[in-house]
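Good morning, and thank you for the time. I shall take the structure element by element; please look at it first.

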Amino acid sequence: ATNIELLRKNPYAIYAKYILSLKPLNDFGLPNKASLYGQIIHDVLAEYFSNPKNFKKESDLIHLFNNKIESSALTKADQVFYKILFKNNILPFIVEQLQNAIGSHIYTEKSGQMTLSLKSGPFTLTARADRIDILPDDSAVIIDYKTGSAPSFSNVVLGYSPQLPIEALILQEGGFDEIPKTSVSEMSYWKLGRESKISSLSTATKIDLSAEEVIQKTKEGIIQLIEIFRNPKTPYEVCPVSKLEPTYNDYKHLARNSEWQHQEEEDDD
């Protein structure tokens, strides 16, 4: 699912990563603290919502978080900062959300897949869902945790951030092990930071589409996208929509886009 988003936003990165097989090297002695912290939050929430009975007090959850962050590669200063952020801004939010989820069956960190039948041949979609809640009415809510910024639902509908609808599509086809095939009534991002809150499709402004309609539009868009890129004549452009360039771009220096753009301007002169 994340690579469908990358193909939509920056086809050149897919070309460099999977056709040229170029992989970035890690910076020596410079851990990506945002990535490390995000993984810790995902691990803590997966353990917490999978076994909430193991955490009878808030101090138990704080202890779990502290153990994971102290065993990470984060500096002592970063550990102190994130401990305070978790205790003051994130902990109250997730404890409240557990109360709101009473009666639901919660699945965390589940992998799924499904195969689309295209004119050019089958294509397999895979995804890993942070969380899927099966509600008392047997419909599902799909949740994605974000410790950084979350995509707008306008970009979700336009197909630039299709991860949640892809997960929903796989769920509706029964592609997640241990989770029954069911309809999806809601898709949400949990923004976990200084101001922890839920951003959901149903409350998104200027969007008059149901979850089912968004999922169907996503499916149609993916089929069209894959058929286009299965044509050998299709170029793998660098960020065709510049304002939607991915936040992290491992191949920006290889694409030399700004250099070529500057050269074109000189030629025009």
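**Sheet, buried aspartate, pocket and an exposed histidine**

I begin with Asp133, which lies in strand 2, residues 121–134. Strands (E, at least two residues) and helices (H or I, at least four) are DSSP runs, numbered from the N terminus.

A word on the source: this is a predicted model, in which local features need pLDDT of at least 70 and side-chain atom pairs count only at pLDDT 80 or more, while totals for chains, interfaces and linings use all residues. Residues are numbered from 1 along each chain as its sequence is written, and side-chain values use heavy atoms, with hydrogens and water left out.

Asp133 has a relative accessibility of 5% and therefore counts as buried, a term for values under 20%, where over 50% is exposed and the range in between partly exposed (1.4 Å probe, protein chains only). Its side chain makes a polar contact of 2.7 Å with the side chain of Arg131. Such a contact is a pair of N or O atoms within 3.5 Å; within protein, one must be able to donate a hydrogen and the other to accept it, and residues adjacent in sequence count only if both atoms are side-chain atoms. Beyond the neighbours within four places in sequence, the contacts of Asp133 (heavy atoms within 4.5 Å) include His105, Ile106 and Val141.

What order do the strands take in the sheet? The sheet is open, with five strands in the order 1-2-3-4-5 and mixed pairing; two strands pair if DSSP finds at least two bridges between them. Strand 1 (105–118) and strand 5 (197–200) each have a single partner strand, so one side of each lacks a neighbour in the sheet. Strand 4, residues 184–191, pairs with strand 5 in the antiparallel sense over four bridges. Within that pair, Trp190 has Ile198 of strand 5 as its bridge partner.

I turn to the second largest pocket. A pocket is an open set of points on a 1 Å grid over the protein atoms alone, where a 1.4 Å probe fits, with protein on both sides within 12 Å along at least five of seven lines; lining residues have an atom within 4 Å of a point. Of its 22 lining residues, those closest to the centre are Arg8, Leu158, Gly159, Gly221 and Leu225. Helix 8 gives the largest share of the lining, eight residues.

Finally, His253 belongs to helix 9, residues 252–255. His253 is exposed, at 60% relative accessible area, and its side chain reaches the backbone oxygen of Asp250 at 3.5 Å.
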